[in-house]
Amino acid sequence: MSLRLPRHVYLRLKQTYSILSVSTVRRLSNERCNNNKYNEGKSNRSCGEEQQTFYSKWLGPAGVVVAVGAGIFWNYTDDESRSFKPFTTVSAARSVDDSGSGSGTPRQRFNFVADVVDIVAPSVVSLHTSQIVGGFQEVSAASGFIVSSDGLIVTNAHAVYNKEAIQVTVLDGRVFEGRVESINPKIDLATIRIPAKNLPVLKLGSSDTLRPGEWVISIGSPAGLSNSVSCGVVSTVGRKSKELRLASDEMEYIQTDAPINQGNSGGPLVNLDGEAVGVNSMKLLHGISFAIPSNIVKDFLEDPNKLHKPSQKKNKAAARSIGITCLSLTPYLRSEIERHFKFSIRASAGVYIVDVHALSPAIRAGLRAGDIIVAVNNKPIQSTDELYEATIDNSVLFLTVLRGEMKLGLKIDLD
């Protein structure tokens, strides 16, 4: 074993060697010379000669022992136990993997959204539907996800209702013709089937375990752009349909700030475990979107007509269903609509229609998303409460509606 010592340490050891060696040997030699019995009959010169012999005999070995011991001690003690640190230890620089493929990099450890997308994306499909409206072909886009490897897909009812053709595109680029297998407009869920086997399946998680603030990811085809990803958090769990003035009083929704735009409808809302906890359904405003909980989807798959069956006893005081999602037109809502859609609203109060449900009285009467109801039966209204109060005692409503620059009168026959 070779010892490599700093120069000043070497000098210190050499000095110690000299001091210890000379002083130790001199002390031993003087003791021998001063011993009375030993010095009897000897001259001073003979004692001095013996001292020189003693020096030469023990000086070298003693110094070597001291130096080697000090070196071993220095070499085998750690930095913290040394009394002084003459040099700073410098480690060789490690190369950086610019490709990002090195294990343990921040890109690999913290890109949890990308990890979930890798799992979920193969089971998400893009839908392109068409129907003839007024002699013209109307084409629209939506999304869905595979829940059975034999080609069963979950989506929104409003995305496929009354469509003449449904084209389904899977992630690998294959295109299939889809057919509606079951549909329930009241909860806005439908299943379609394509002629394919061994498809990747997205697992349905439990929406009951969701917490406000939990990360969720929305995957779909906004504006027909397949497999687009957005993310956000759960804003509220169990948002009741009464608060949104929806047809079913029994429904609850997951509210999220993850963007759910046109074309995202029917796609999955997934948690960080790669499980679908909801079906993207609608967007009210920027940062306020809603998804149908996965536990409702599970019940729908077991029995499409299981949920929200009509009650056997009719409540005379119950409001009739119009079939719209709406909000009271507050000053804040008005300013947000004008800012996002770049047009001015002439009404100062009323009811803003966010969405019109399939198979509803509203869609039969010709109401559209974006319409503003300003009067019911020639009586001005200020809020959604006034609109729904009017449905209690009236089976027919005459609505005054603002649509852009137009003012329309529409008649609705309620269910």
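Modeller: The model is a predicted one. The protein has 11 helices and 19 strands, and of its 415 residues 41% count as buried. Among contacts with a separation of 6 or more, 60% are between residues 24 or more positions apart.

The strand to begin with is S18, which covers residues 396-403. Six of its eight residues are buried, so S18 is largely enclosed by the rest of the structure. Thr 400 belongs to this strand. Its relative accessibility is 17%, and because the cut-off for buried is under 20%, Thr 400 counts as buried.

Which strands pair with S18? One partner is S16, residues 372-376, which is antiparallel to S18 and joined to it by four bridges. In this pairing, Ile 372 lies opposite Leu 402 of S18. Another partner is S19, residues 406-413, also antiparallel, with eight bridges to S18. Here Leu 399 has Leu 410 of S19 as its bridge partner. S18 and S19 make a hairpin with two residues between them. Gly 404, in the turn, has a positive phi of about 65°.

The contacts of Thr 400 can be read against these pairings. Leaving aside residues up to four places away in sequence, Thr 400 touches Ile 372, Ile 373, Val 374 and Ala 375, as well as Lys 407 and Leu 408.

Side chains of opposite charge can pair when their charged atoms come close. Arg 403 and Asp 371 form such a bridge, with their closest N and O atoms 2.8 Å apart. This pair links distant parts of the chain, with Arg 403 in S18 and Asp 371 in the loop between helix H10 (361-365) and S16, 32 residues apart. Asp 371 is buried, since its relative accessible area is 2%. Arg 403 is buried as well, at 16%.

S7 spans residues 189-193 and contains Thr 191. With a relative accessible area of 3%, Thr 191 is buried. Residues that touch Thr 191, not counting those up to four places away in sequence, include Leu 152, Ile 153, Val 154, Phe 300 and Leu 301. Ser 182 is also on that list, and the side chains of Thr 191 and Ser 182 are joined by a polar contact of 2.5 Å. Arg 179 is another residue touched by Thr 191. The two are 12 residues apart along the chain, and their C-alpha atoms are separated by 8.6 Å.

The structure holds six salt bridges. One of them joins the side chains of Arg 193 and Asp 150, at 3.3 Å from N to O. This pair links distant parts of the chain: Arg 193 sits in S7, while Asp 150 is in the loop between strand S2 (136-148) and strand S3 (152-155), 43 residues apart. Asp 150 is partly exposed, with a relative accessible area of 30%.

Arg 179 has a salt bridge with Glu 181, whose closest N and O atoms are 3.9 Å apart. Both residues are on the list of those that touch Thr 191. Arg 179 is partly exposed at 49%, and Glu 181 is partly exposed at 38%. Through salt bridges that share partners, Asp 150, Arg 179, Glu 181 and Arg 193 are joined into one network.

Methods. Residues numbered from 1 in each chain as written. Predicted model: local features only at pLDDT ≥ 70, side-chain atom pairs only at ≥ 80, totals over all residues. Heavy atoms only, no water. Buried < 20%, exposed > 50% of the residue type's maximum accessible area, 1.4 Å probe, protein only. Contact = heavy atoms within 4.5 Å. Pairing = 2+ DSSP bridges. Polar contact = N/O pair within 3.5 Å; in protein donor to acceptor, adjacent residues only side chain to side chain. Salt bridge = Lys/Arg side-chain N within 4 Å of Asp/Glu carboxyl O.
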